[in-house]
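Open the model in your viewer and keep the selection panel handy.

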Amino acid sequence: MQSKEHWERVYSTKATDAVSWFQEHAERSHHLIRGTGVPLTASIIDVGGGASTLVDDLLAAGYKEITVLDLSAAALAAAKSRLGSRGAGVRWLEANITEVVLPVHAYDVWHDRAVFHFLSTLEERQAYVRAVLRAVKPGGHVIVATFAEDGPRQCSGLPVVGYRAEELHAEFGESFALVQHEKEAHHTPVGTVQQFVYCYCRKLAS
Ligand SMILES: C[S@@+](CC[C@H](N)C(=O)[O-])C[C@H]1O[C@@H](n2cnc3c(N)ncnc32)[C@H](O)[C@@H]1O
């Protein structure tokens, strides 16, 4: 089954608060985004945002330029319908991050929780990093969270790659400076614990 079909099926058959990655509030992501110090007018993209409530909390905090990109139309529809008129200003992009051509230097903040770790081939990871290099402004902020080295080896029935912070930074290369990294124990809706690592990098200005 192709990846898109997989994710469409997941979001069409499961409640958005029943999936293992569900967070009532994406507190650490929100905290890291606020910590960048970008203004409320900054352009923020949540890559593979799915039906995450991060967009709700960013809107409530006053951020105005938010894009949510996901492979799954069903995931984006769920987030859109939850937000109703509050989501009127959000840009929704149904796309594969390893194939999409994003506008050049469009985003101040790139956020991804639990997407990069699904990229199992070097080609996919390189395509992802090329997208970051193209779409994030020089000096922009890149926050990527994956399963940690002691995290699960599968998610949603798919294989994943777990990372140490330094390994995750190394995937992005010398064009990015590692500013901060944190681990988080995520408690799934069924009570299991998954270790995540959050890496916050700055894209170098040149
Ligand atoms: C584990 S979920 C995480 C969702 C969200 N970031 C969160 O933390 O709640 C992974 C998401 O990535 C999306 N996804 C998987 N592969 C993708 C790709 N190549 N391009 C864009 N989105 C992708 C899926 O549709 C799904 O919504």
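Before the first stop, one term: a pocket here is an open set of grid points, worked out over the protein atoms alone, with protein on both sides within 12 Å along at least five of seven lines. Keep in mind too that this is a predicted model.

**Stop 1: the ligand**

Select the ligand first. The space it takes is the largest pocket. Now show the residues around the ligand: there are 18, and Tyr11, Gly48, Asp70, Asn96 and Arg113 come nearest. By class, this shell holds ten nonpolar, six polar and two charged residues.

Then click on Leu71: here a backbone N or O atom is 3.3 Å from a nitrogen of the ligand. Finish with Arg113, which has a side-chain N or O atom 2.7 Å from a ligand oxygen. How much of the ligand does the protein bury? Taken alone, the ligand exposes 600 Å², and 96% of that is buried by the protein.

Next, colour helix H1 (3–13) and strand S2 (65–70), the elements that give two or more residues to the shell around the ligand.

**Stop 2**

Widen the view to the largest pocket, with its volume of about 920 Å³. Its lining comprises 42 residues; to find the centre, select Trp7, Leu71, Ala114, Val115 and Phe118, which lie nearest to that point. H1 gives the most, with five residues. Colouring the lining by class will show you 20 nonpolar, 14 polar and eight charged residues.

**Stop 3: the cavity**

Select Val142, Val144, Leu168, His169, Phe172, Cys199 and Cys201 to display its lining. Of these lining residues, six are nonpolar, one is polar and none is charged.

Which elements supply this lining? Strand S5 (136–147), helix H6 (165–172) and strand S9 (193–203) each supply at least two residues. H6 gives the most, with three.

Key. Residues are numbered from 1 along each chain as its sequence is written. This is a predicted model: local features need pLDDT of at least 70, side-chain atom pairs count only at pLDDT 80 or more; totals for chains, interfaces and linings use all residues. Side-chain values use heavy atoms; hydrogens and water are left out. A residue is near a molecule or strand if one of its heavy atoms lies within 4 Å of it. A polar contact is a pair of N or O atoms within 3.5 Å; within protein, one must be able to donate a hydrogen and the other to accept it, and residues adjacent in sequence count only if both atoms are side-chain atoms. Accessible areas come from the Shrake-Rupley method with a 1.4 Å probe; for residues, only the protein chains shown count as cover. On a 1 Å grid over the protein atoms alone, a cavity is a set of points where a 1.4 Å probe fits but cannot get out, and a pocket is an open set with protein on both sides within 12 Å along at least five of seven lines; lining residues have an atom within 4 Å of a point. A molecule sits in a cavity or pocket if more than half of its atoms lie within 2 Å of its grid points. Helices (H or I, at least four residues) and strands (E, at least two) are DSSP runs, numbered from the N terminus. Ala, Val, Leu, Ile, Met, Phe, Trp, Tyr, Cys and Pro count as nonpolar, Asp, Glu, Lys and Arg as charged, and the others, Gly among them, as polar. Grid points are joined across faces, edges and corners, and a volume is the space filled by probe spheres set on the points.
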